[in-house]
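Dear colleague,

I am handing over the structure we spoke about. Please find it below, with my notes after it.

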Amino acid sequence: MKTYQQHEQSRQDREEMDRKQSNRGDIKSAGPDVESTSPSAPQPEIPRLLFGDLWDYDPAPESTEPFPIEKRYEHFIGGKFVSGEDYFPSINPATEEILFEVPAAGQKVVDQAVAAARSAHQRYWKELSGAERGKYIYRIGRMIQERSRELAVLETQDNGKPIKETRDVDVPLAAAHFLYHAGWADKLDYAFPGAKVSSLGVAAQVIPWNFPLLMAAWKIAPALATGNTVVLKPAETTPLTAVMLAKIVQEADLPPGVVNIIHGAGETGSNLVQHPDVNKVAFTGSTEVGKLIQKSLAGSGKKLTLELGGKGANIVFEDAPLDQAVEGIISGIFFNQGQVCCAGSRLLVQESILEPVLSRLRNRMASLRVGDPLDKNTDVGAINSRAQLEKITSLVQAGEKEGATMVQLSCPLPEKGFFFRPTYFTDVAQSHRIAQEEIFGPVLTIQTFRTPEEAVQKANNTFYGLSAGIWSDKGSKLFKVAGALRAGVVWGNTYNKFDPGSPFGGYKESGFGREGGLHGLLSYVEVK
Amino acid sequence: MSSYTLPALSPVDEVAVVGRAQSFTKRSIKKDSKAAALRLIVSMIDLTTLEGMDTEAKVKRLCRKGVTPLLDADLPSVAAICVYPPMVRVAKETLAGSGVKVASVATAFPSGQTFLNLRVEEVRQTVEAGADEIDMVINRGAFLSGDYSRVFDEIVAVKEACKEAHLKVILETGELGTYEQVRKASFLAMDAGADFIKTSTGKLASAATLPVTLVMLEAIREYFLATGRVVGMKPAGGIKTAKQAWHYLVMVKETLGDDWLHADRFRIGASSLLNDVLMQWRRKDTGRYQSGVYFSED
């Protein structure tokens with residue numbers, strides 16, 4: 001009897017033949033394809049799996065009815081919702097329909113918001129005991145939990161990410177950040193033993209569109225816990241859950257002005273961070289904008305933390321648990337349509353296991369469900385905006401042009417909305433744009449390495465340094481490689497796992513400062 | 001005697017396997033897909049009675065239930081009736097012409113602790129009595145002591161004794177300790193000629209779970225892609241509700257694809273599952289859950 005080992009060898013030979021036959025592997029055309037088989041050359045039949053619709057899931061959309069969206073939302077300043085000017089629409093990226101509109105804050109509104117935050121800091125917040133501050137923060141966390149369904153449904157409509165993620169990741173983590181930081185509020189003396197800490201004052205916080213509610217929580221919770229007041233500007237494409245958070249803050253009866261939320265695009269953000277009465281600036285977004293902010297704040301005396309782009313390496317060694325590593329590859333790059341600063345967008349695979357990894361990856365991708373983000377069975381939703389979709393498309397075109405081999409899931413896409421098929425590239429050189437630039441979409445580049453040293457070298461050969469993943473069953477190797485990686489977050493045998501207690505932030509052009517954990521508090525206090 | 005060596009296998013990460021298995025329970029199965037799932041589940045059940053108190057009358061009743069699970073419903077028969085060897089003849093007679101198979105647990109089930117010649121002889125006689133399928137247990141003692149050749153040879157011997165009958169190899173995963181051991185045992189059993197690999201005897205508290213079944217499905221997938229040989233999967237024990245069962249279907253669909261969504265390649269060993277499926281089937285038509293008293297307990 002032929003055993004598995006003997007078969008395995010012959011399979012590799014057959015796959016090699018198969019690969020030489022077609023150097024471009026479309027996932028769907030990898031199935032039994034009559035047309036491409038030349039009649040003169042009989043091929044040994046290659047076993048294939050069929051991921052079809054013999055038994056399929058019916059659409060299971062989460063209902064939006066209980067959570068109607070108003071036509072218009074406002075700024076939240078000094079504990080009140082105040083109307084503004086220059087209203088602009090926010091659309092649902094999965095349908096391209098306008099959901100609501102919000103005003104764009106000009107200089108006057110920014111002034112008002114900063115003044116409200118300053119006054120709240122002086123009058124109540126900095127004098128309040130840590131225990132009292134903690135109560136308010138706990139309350140916000142609990143209210144997020146109570147309204148989790150609503151927040152998930154709204155976030156999915158405004159952002160385009162699948163309800164599965166808003167329900168299971170964004171909203172629970174946002175609540176967790178408030179609950180975690182509420183705990184620190186009355187323990188700051190123990191957080192920094194031997195030192196006295198005091199709040200900074202007014203924090204100007206500008207956040208991105210990829211995790212709207214979660215980023216707001218990352219920013220607001222530590223600021224409040226350490227006694228600062230806040231002016232937050234959500235991204236112009238995703239202001240909805242920030243408005244809901246403002247309502248929660250209002251209902252939680254926070255002293256007016258402790259949390260202010262204003263809307264607008266880049267100009268508003270710029271006016272906010274440059275406001276002379278701001279003590280601290282926290283920005284999460286692109287490296288490009290981060291650099292501008294850093295330049296503009298030079299000499300201003302403001303404290304600054306930046307959490308910027310990334311090009312995370314996900315390193316798979318030959319001694320890795322392969323079936324599980326493939327899950328990590330999938331969540332590393334397709335979680336939130338790849339619009340994650342810490343995405344594992346560069347897969348580095350040990351050369352000896354490239355084929356087994358690719359074969360598993362293709363089969364796993366075939367079961368991904370792309371489509372309506374509100375459907376509970378959707379794995380990959382919509383790209384957040386047309387601009388982002390265009391950026392992804394152009395980088396993918398550059399990858400093809402530079403000679404990398406593209407493999408794309410050939411699934412039907414909804415007619416309307418901004419969707420992009422899960423994609424990977426092989427035959428990628430370190431010099432390719434797709435290997436260097438942050439694509440911020442569901443696009444993975446795959447490269448190989450021969451030794452751990454080469455893996456580390458390739459992983460570090462980038463101007464980013466936010467995140468990395470290592471897959472190996474061998475603990476000693478895992479820790480050695482983790483030590484050598486120049487990245488702020490390193491995951492071992494997992495990817496994209498977040499916890500409020502774990503500091504998050506980057507090396508190099510991925511930014512500076514940490515968010516979360518004890519280290520995240522440092523960015524919001526003056527240590528005496 | 002052969003000297004079988006286990007192939008070099010990639011390891012298994014427990015945390016990640018459990019996480020992935022959990023993700024299958026998040027699929028939302030409604031409406032038509034639920035109805036289709038219920039039909040599929042019924043058609044995949046190995047309806048089982050493995051009690052010391054089993055009688056011919058009991059087995060006959062179970063057979064009739066398996067052939068026609070619900071009198072006035074458009075539901076398929078179960079895949080097989082699974083009984084102890086002495087009950088095979090009566091099951092075979094009762095099921096004649098129904099298309100429902102007779103499966104039997106031979107090889108000193110559930111412990112497997114008797115001499116190999118006796119186990120092989122038990123299989124031979126059970127097949128002769130009319131069993132279409134034999135569910136054997138592996139020699140866990142030999143496996144855990146590292147004597148893989150012995151486990152391999154014993155499966156080969158049983159397979160020979162099975163002749164035309166299909167062989168399901170029970171790994172009794174609850175006694176193997178780790179997912180890595182389950183993965184090893186799966187490859188060993190497939191290499192030795194198993195037509196199906198099966199999680200458990202159902203006689204231990206720790207029976208089929210989603211993660212352990214996932215590890216086995218992934219082994220089947222790897223083996224199939226390497227060799228082209230199709231091996232089926234049977235989780236058994238602990239699957240009591242329709243909802244649990246469709247979580248398994250989701251896992252099969254997303255791990256092995258459409259070809260495994262058939263009783264030829266996927267079975268569920270269960271006794272109380274069938275009535276829960278029937279209850280769900282009735283609810284589908286009436287919108288209400290009926291009391292258990294409306295469903296026959298055979």
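Is the crossing of H3(A) and H8(A) left-handed or right-handed? The crossing is right-handed. Bear in mind that this is a predicted model.

Some detail on that pair. Helix H3 of chain A covers residues 130-146, and helix H8 of chain A covers residues 240-251. Their axes lie 10 Å apart, and the packing angle is about 125°. On the H3(A) side the contact involves Ile140(A), Met143(A) and Ile144(A); on the H8(A) side it involves Leu245(A), Ile248(A), Val249(A) and Glu251(A). Sorted by class, the residues of this contact are 6 nonpolar, 1 charged and no polar.

In chain B, helix H1 (residues 14-24) and helix H9 (residues 210-227) cross at roughly 100°, and their axes come within 8 Å. H1(B) is therefore roughly perpendicular to H9(B). H1(B) contributes Val17(B), Val18(B), Arg20(B), Ala21(B) and Phe24(B) to the contact, while H9(B) contributes Leu210(B), Pro211(B), Leu214(B) and Val215(B). The contact of H1(B) with H9(B) has 8 nonpolar residues, 1 charged and no polar.

Now the interface between the chains. Here 43 residues of chain A are in contact with 51 residues of chain B. About 3,900 Å² is buried between the two chains, with 54% of that area coming from carbon and sulfur atoms. There are 7 salt bridges between chain B and chain A. One of them joins Lys253(B) to Asp56(A), where the closest N and O atoms are 3.6 Å apart.

Regards

Notes. Residues numbered from 1 in each chain as written. Chains lettered and ligands numbered in written order. Predicted model: local features only at pLDDT ≥ 70, side-chain atom pairs only at ≥ 80, totals over all residues. Heavy atoms only, no water. Axes fitted to C-alpha atoms, helices over the stretch in contact; angles between N-to-C directions. Helix = DSSP H or I, 4+ residues; strand = E, 2+ residues; numbered from the N terminus. Left-handed = near helix turned anticlockwise from the far one by under 90°. Contact = heavy atoms within 4.5 Å. Nonpolar A, V, L, I, M, F, W, Y, C, P; charged D, E, K, R; others polar. Parallel < 35°, antiparallel > 145°, perpendicular 65-115°, else oblique. Buried area = accessible area lost by both parts, 1.4 Å probe. Salt bridge = Lys/Arg side-chain N within 4 Å of Asp/Glu carboxyl O.
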